[in-house]
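Please open the model in a viewer and keep the selection tool at hand.

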Amino acid sequence: MPIEKDKVVTLHYTLIDADNDLTLEKSGADAPMVYLHGAGNILAGLEQALEGRDSGDQLTVSLDPEQAYGRRDESLRQRLVLKVGLKTVDVDANHPFAGRPLRFELEVVDVRDADADEKAHGHVHGPGGHAH
């Protein structure tokens with residue numbers, strides 16, 4: 001069953017910082033990622049690359065910062081004073097992966113039809129997904 005809108009996709013992924021070949025995240029062997037395709041729950045570039053794929057497919061997807069989490073915006077960094085002269089806190093509202101070109105190594109484990117509640121809520125329910 002090919003991946004298309006309103007399909008629930010189960011996949012394993014490895015997220016790599018493409019500049020220095022550093023693994024940033026990886027799905028666990030017993031904890032794959034599960035998402036509702038076409039609902040905007042993952043990066044648009046990943047959804048586009050997965051469209052039409054099927055169970056068992058493996059692929060590598062490279063995304064520039066603009067396609068992933070954006071460029072770093074230094075205006076999103078602030079220094080907050082807790083008590084004058086004693087302590088400060090630096091806050092950075094950029095996503096931790098902002099400004100990084102990323103590479104995703106993906107393996108599609110399963111593709112199934114979403115049920116009516118999942119479609120209505122815009123996310124997956126049950127094991128591996130969101131339960132109410």
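The tour below goes from a pocket to a surface patch and then to salt bridges.

The model is predicted, so local features require pLDDT of at least 70 and side-chain atom pairs pLDDT 80 or more, while totals for chains, interfaces and linings use all residues. Numbering starts from 1 along each chain as its sequence is written, and side-chain values use heavy atoms, without hydrogens and water.

Select M33, I42, L46, Y69 and F104 to begin. Of the 14 residues lining the largest pocket, these are the closest to its centre. The volume of this pocket is about 190 Å³. (A pocket is an open set of points on a 1 Å grid where a 1.4 Å probe fits, with protein on both sides within 12 Å along at least five of seven lines; lining residues have an atom within 4 Å of a point.) Strand β1 (7–17) may be coloured next: β1 gives the most to the lining, with three residues.

Next, select L80, V89 and V91, a nonpolar surface patch with about 190 Å² of accessible area together. (Patch residues have over 30% relative accessible area and no salt bridge; nonpolar side chains are joined within 5 Å.) L80 lies in strand β5 (residues 77–83).

Now show R79 and D90, whose side chains meet in a salt bridge at 2.7 Å, N to O. (A salt bridge places a side-chain nitrogen of Lys or Arg within 4 Å of a carboxyl oxygen of Asp or Glu.) The pair joins strand β5 to strand β6 (residues 87–92), 11 residues apart. Finally, select R72, E74, R77 and D92, which salt bridges with shared partners join into one network.

Technical notes
Grid points are joined across faces, edges and corners, and a volume is the space filled by probe spheres set on the points. Helices (H or I, at least four residues) and strands (E, at least two) are DSSP runs, numbered from the N terminus. Patches are made of residues with over 30% relative accessible area and no salt bridge: like charges are joined within 9 Å, nonpolar side chains (Val, Leu, Ile, Met, Phe, Trp, Tyr) within 5 Å. Accessible areas come from the Shrake-Rupley method with a 1.4 Å probe; for residues, only the protein chains shown count as cover.
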